[in-house]
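Biologist: Can you walk me through this model? I'd like the chain contacts and the charged pairs.

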Amino acid sequence: MKNSCTANFKRVIVGVWSLSALLFVACNNGKTPEQPDTISSGVYVLCEGNYMFGNATLTAYDPSSGTQVNGAFASANGIALGDVVQSMCIYNKTGYIVVNNSGVVFAVDPATLEVKGSITSLVSPRHFMVVSDTKAYISDLRAAAITVVNPRTYKKSGSIPTVGHPSTEQMLRVGSTIYAACASSDNKILIIDPTVDAVVDSIEVGLQPVSMVLDKDGKVWCLCDGGGWEGNPAGYEAPRLMVIDPDSRAVERTFTFALGDYVSKMTIDAAGERIYYLHGGVRRMNITDTRPPAEPIISIEGYGLYGVGVDPANSDIYVADAVDYTQSGKVYRYDADLNPVDTLTVGINPCGFCFNE
Amino acid sequence: MNIDTVAVTAHSPMTQIGITTTIVDTTLLRSNPIAPLSEILAQNTTLFIKSYGRATLSTASFRGTSPSHTQVFWNGIRINSPLLGMVDFSMIPSGFVDRMTVLHGGASLQQSSGGMGGTLLLDTQPLFRRGAEIRYVQSIGSFATFDELAEIRLSGNNLESSTRLSLASSRNDFRYTNLRKKIYINDDEGNLVDSYHPVERNRNGEFRDLNLLQEFNFRTHGGNRISLGAWLTDSQRGVPVMNIDYRDSNTSKALSEVRSLRAVASWERLMTNGKCLLRTGWNSSDMRYAYWGDMGDGNLTQMIDSRTLFNSLTLHAEGEWAPTEKFVLSATLSAEASGVEMPERHHRIESSAAIWARYRLSERLGAAAIARQELIDGHWSPTVPALYLDYLLFRPWGVVLKASAVGNFRSPTLNDLYYQPGGNPNLSNERGLTFETAVGLSFEGRRWSISGEAALYDSQIRDWILWLGTQRGFWTAVNIERVHSYGAELKAHGQVVVGPNTKISLSGFHTITHAINNSAPSSAADRSQGKQIVYIPVHTSALTAGISIGNWSASYKWNHVGERFTTTNNDVATLYSRVEPYFLNDITASYAHTFRWGSANIRLGVNNLFDRYYETVLFRPMPGRNYSIALELRWKKFNNISDKRQNQSELSR
């Protein structure tokens, strides 16, 4: 279950940075990136950028008007977003943007994208999970620990060691516990008790659990990519989609793909009934299906598909295309009936979406 | 520096028929022996040097090609990494090079295949001045930067020993106002109370580079020359963080270590009508990358420790026969065996044979032709031909017209083939065809000289190897269909003697480089076709003005690099899709004094004179105005009058 998105924003803010501001900065012997108009809107497209290039950006898109602003974070704040934007979530009128290789989480006003605070000096942050009004977890690719912070004051308050598991990735609230997937060269889901901030149990799944979602029946769906490439020292096996019963903490069902297939970026609709993932296109599967779909619902041959999202408001499907991973990416928007609605040109390597309801 | 003006008139050497070369003046190399070679190249040649700052990876792009398309030879052995195909010029102190020759474009085939952009020849040269020479250079610069060079030459009648030691170290922690990020201050309730651009120091940029070169040269009156040389490099460098990094030094640290050994042994016999040469060389490198991070306990714990090794053994034989003044025939035979550990082991054996004929048809017209054939791991490459012509258009001004048509190819590096994940063992060789024309002139009066050259080139390179991202989160090597590289190189040099001890010089170059991806789009969304390859500037320029009055000299250097795209579709509307163009200005002033025992030279330098903010690579901070002072001492004792006179001339430089 995602963090609930409670902020309502209909107000569109248009700002234009004056040329004189740029000149002032130039006279101060420095330059800032170009600062286009800003709008805040219903969909944020996370454009990862390239590792060690520093060119991550955020695109703001208003589905009702079709207006978009690329580089919206830079436009709102006058600074670069950073290196490799990994994820974003919105909770209680605050957006939390995790920038992995800059070691920072920005807390922003989702209506304006202006920074309200930041959590810095993180090793390699990946995902942000709000546990309560005063507690949040930040998973990490390298730290062998989950950082505990206060999402209101942006102060660190502790950490949860993940002994034997150097990395944690996506997190999921399952009942009173938090599930944390160990996706890098690992095959475990850690179960955390947030009342004591400690790992209390683990579930063994397939190699590299990269995505998790919770369906309407309270089952946890876990997508394991199987290692991703032949020769991976961690192993190489067929990707698997696994369904876990949280009560027994056991795997109930397993769907195994062919060895060599690449399956990624799983998400679920707001009703918790249909999951979506990338597998040679976008595939959709009902939680009651007995086998994965044989064909994609959206097939874009030769494209560099890198992300998929489903708008909880209307089930519109957003598909991210990184093209060749070193140029402006594309986002294709379809309605729930799979009719094309819009195509956006966005930043480099669009990888995910955050919907502000 | 004062050099007696000497009028030189000669036909261009047979080796120069139809080719474009740049010979970097020896005096230039010796005037700043502690500077890394990357700086000398950037200011004085048409190579574009992409660098992340001092003591960071500095690679060359020649005529719009990639770093692995520039072949680099040190005393006749190739020093390109068989793993990555490139050379890091920041690791080569210019004091270890006595002569540098740049073979532009098709001229590279004279030396080897693979130099789609060109080839760089770095050579040391024995002097055979009987006696002893000691040179010591000490430089101190901004950001706690220390450079030292010590050189000892001991020469007998026919034997010379040369020892050179170079040490460079720096904290490299220059200060700058970071406009790319902000620090946000919140009260205990989380309300934002302040934000500001921090004044920061370049973090993790410290380095320590040690280089040691030992050579022995032996010659006989029968025309035999034997050379032995070994060059050891030991480098420890931090990996500078980007200016959008919000971690502090307590949270992360990265280190790069390189230990390399290059050795060469050669025997050459000069005869009346030719020469023969046998050479063997060794090139090895041990590279380590380590990363430490805070595991949440406040201590730095090592998280990454990656090691890569390569070794390369070269055997080379060469013969040259010149039955007349107008005709020279050469043949070469080479073999290179390379092995890498990355960590799995891979090997490759490359053999090459070439035959080269040069003929001066008339006093004005010269022609040369080359055919080169390679055998790589048992697979024959296509025969690569080249044809060169030059014609003396106007003798009084030394105006020469050159033209060439050159084929070339380059095999994938071992990294391209075998790196996991992403290496592609099915890669094809790159193939190229280059047409080039150039016109040069050179004329002089009693007190002045002017020379210049303008070259136009057009290259088509097929199956260019490029690393592209994949859905699976890693990059992979692929052949892209075609890259069209074309452009122009303009260079000029002028010098005038205005008084008995006063000389003024001006030199500069401008390059126009179009490196266009002409491959078919990978999908309907792909907009890279017809666009400039990333990080290749269309325009680069440099200008150096110098004046010397007696023992005083000064120079002013101006350098310009045009915009570079960072995306394959060159879309300027995309944020961070380009790196801004920049201009840099440097000045130096020096004073030399000759003593009975030798000489001393003191040199002051100011780099980035106008304290410009600039980036050579996105989000990599570069230093503002910075200073250096260097003292050079030379002591010489000769056993022979002629050697002493030659030395006097050199001491006064």
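Modeller: Here are some notes on chain A, its interface and a few side-chain pairs. This is a predicted model, where local features need pLDDT of at least 70 and side-chain atom pairs count only at pLDDT 80 or more, while totals for chains, interfaces and linings use all residues. Residues are numbered from 1 along each chain as its sequence is written, chains are lettered from A and ligands numbered from 1 in the order in which they are written, and side-chain values use heavy atoms, with hydrogens and water left out.

Biologist: Chain A first. What is its secondary structure?

Modeller: Two helices and 27 strands. Helices (H or I, at least four residues) and strands (E, at least two) are DSSP runs, numbered from the N terminus.

Biologist: How many of its residues count as buried?

Modeller: Of the 357 residues in chain A, 62% do. Buried means under 20% relative accessible area, exposed over 50%, and partly exposed in between (1.4 Å probe, protein chains only).

Biologist: And what is the accessible surface of chain A?

Modeller: About 12,700 Å², with 49% belonging to carbon and sulfur atoms. The areas come from the Shrake-Rupley method with a 1.4 Å probe; for residues, only the protein chains shown count as cover.

Biologist: Now the interface. How many residues are in contact between chain A and chain B?

Modeller: On chain A, 68 residues; on chain B, 59. Contact means heavy atoms within 4.5 Å.

Biologist: What area is buried there?

Modeller: About 5,200 Å² between chain A and chain B, and carbon and sulfur atoms give 54% of it. That is the accessible area (1.4 Å probe) that two parts lose on being put together, summed over both.

Biologist: Which elements of chain A touch chain B?

Modeller: Those giving two or more residues are α2 (72–77), β6 (104–108), β7 (115–119), β11 (155–161), β23 (305–310), β25 (328–334) and β26 (340–348) of chain A. β7(A) gives the most, with four residues. That side of chain A divides into 28 nonpolar, 28 polar and 12 charged residues. Ala, Val, Leu, Ile, Met, Phe, Trp, Tyr, Cys and Pro count as nonpolar, Asp, Glu, Lys and Arg as charged, and the others, Gly among them, as polar.

Biologist: How many salt bridges cross between chain A and chain B?

Modeller: Zero by the rule. A salt bridge is a side-chain nitrogen of Lys or Arg within 4 Å of a carboxyl oxygen of Asp or Glu.

Biologist: Give me one in chain A. What does Asp197(A) pair with?

Modeller: Lys135(A), with the closest N and O atoms 2.9 Å apart. Asp197(A) lies in the loop between β14 (188–193) and β15 (198–204), and Lys135(A) in strand β9 (residues 135–140), 62 residues apart.

Biologist: Is Lys135(A) buried or exposed?

Modeller: Lys135(A) is buried, because its relative accessible area is 17%. Asp197(A) is at 21%, so it counts as partly exposed.

Biologist: Switching to chain B. Where is Asn559(B)?

Modeller: In strand β32 (residues 552–561) of chain B. Asn559(B) has 13% relative accessibility, so it counts as buried.

Biologist: What does its side chain make a polar contact with?

Modeller: The side chain of Gln43(B), at 3.2 Å. A polar contact is a pair of N or O atoms within 3.5 Å; within protein, one must be able to donate a hydrogen and the other to accept it, and residues adjacent in sequence count only if both atoms are side-chain atoms.
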